[in-house]
Amino acid sequence: LQKSLRFVFHRHEILRTALRRDQDLLLQHIHPPGELGLPWEFHETPAISPDDLQARLQAWIRIPFALDQAPLWKAALFQGLADEHLFVLCFHHAVIDEWSTRVLLRELAAVYQVAIQGLAPSLPPPAAQYAEFTAWHRRWLDTDARQDSQEYWQRELRNLPAAPHLPSLDADPGVSIEAGGIQEFTVEGRLAERLTRLAQQENVSRFVLVLSAFQAWLHRHLGQEDVVVSTPVAHRHRVEFHDLVGFCLNTIPIRSRLGGAVPFQAWVDQTRRQTQDAMRHAEYPFERIVELVSRGRDPQDSPLHQFMFVLVEEGSGFRSLGSAQAHPIPLRTGTAKNELTDRKSTRLNSSHIPLSRMP
């Protein structure tokens, strides 16, 4: 496993990258292969209870990274009882996103399968490295498309109201802003089928349909006509970036304005048009979108939005390491970055909702 992980480590530059400040710039410092040791730890935990293991994991994960010191990730193998082991990868978000995690785990499994046969691992070289992605994006910021996107976001986010809060949060200001929890539930059977049929009937994607429902729910419970829900976009429409490991993710805000009674079908159509417009300008960096919003922001609040909607593909694509079967385990951090993040799988059969600052 170490040998396979080291192969992937050397293969992707971002896994050997530190972020160092030069005046107002944050620059990538890429270490050559072999210069850094593999950030690997091994822990024997044969008689530890699940609660103690969870606490030990939490402590290990919470050890902070220094951005100017590579690598900005680490791995650990916790050897448990009999044939059960826990393999943990921990990354700073500056160097990886969820898409990249799937790429990395897929490659790790492929390399491991070869390594256990005593063969030298081999994969085609990556089509691009993360530094090439960032260079491409900087060039894009000098094009006319950047100006067009900037003007779009200025128009779209003009005269935003103050950031709203869910009523239950305002009622208990003493709760820590980072405190959070997760509520999970499954949408299945007849309801899942009805959602699929409704999306087909309205000629929209499942993303737009469920986002529309989430927005309508927020409007009702906030009692506010103007609400911003942000959503992450993969930012990988170029073929050479499909298997890139690095933080390519961008976040775009989708503003919904509900005035009076609106039939849900009309609301879905409006959400579809708003989403399409936003996606056409998804290359514009979120941090620059925030700068365009000319209103004071509470430093305790997330910039621009308090609510996020995320639709992801189920699973990690990591099902086995050789003959060993693998499955993910939940890790509860007790924190959240937003007041409410609605996270759903693409199969519409589960919902994973981190709730921030909830009593």
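P328 counts as exposed because its relative accessibility is 63%, where exposed means over 50% relative accessible area, buried under 20% and partly exposed in between (1.4 Å probe, protein chains only). P328 is found in the loop between strand 11 (324–325) and strand 12 (340–345); helices (H or I, at least four residues) and strands (E, at least two) are DSSP runs, numbered from the N terminus. P328 and F87 are 241 residues apart in sequence, yet their C-alpha atoms are 9.6 Å apart in space.

The model is predicted, with local features requiring pLDDT of at least 70 and side-chain atom pairs counting only at pLDDT 80 or more, whereas totals for chains, interfaces and linings use all residues. Residues are numbered from 1 along each chain as its sequence is written, and side-chain values use heavy atoms, with hydrogens and water left out.

The largest nonpolar core has 35 residues, a nonpolar core being a set of buried Ala, Val, Leu, Ile, Met, Phe, Trp, Tyr and Cys residues joined through side-chain atoms within 4.5 Å. Those with the most contacts inside this core are W153, L157, L218, V229, L304, F307 and F309. At least two of its residues come from each of helix 5 (144–156), helix 8, strand 7 (226–233), strand 8 (250–257), helix 9, helix 10 (286–292) and strand 9 (307–312). Helix 8 gives the most, with eight residues. Another core, of 30 residues, lies apart from it and includes I96, V103, L244 and C248.

Helix 8 (residues 206–222) packs against helix 9 (residues 264–280) at an angle of about 110 degrees, with the axes 9 Å apart. Axes are lines fitted to C-alpha atoms, for helices over the stretch in contact, and angles run from 0 to 180 degrees between N-to-C directions. The angle makes helix 8 roughly perpendicular to helix 9 (65 to 115 degrees; under 35 is roughly parallel, over 145 roughly antiparallel and the rest oblique). Contacts (heavy atoms within 4.5 Å) join residues of helix 8, among them F207, L211 and H219, to residues of helix 9, including F264, W267 and R272.

Helix 1 (residues 2–11) and helix 3 (residues 98–115) pack at about 130 degrees, with their axes 8 Å apart. These two helices are therefore oblique to each other. The contact is made by S4, L5, F7, V8 and R11 of helix 1 with L104, E107, L108, V111, Y112 and A115 of helix 3.
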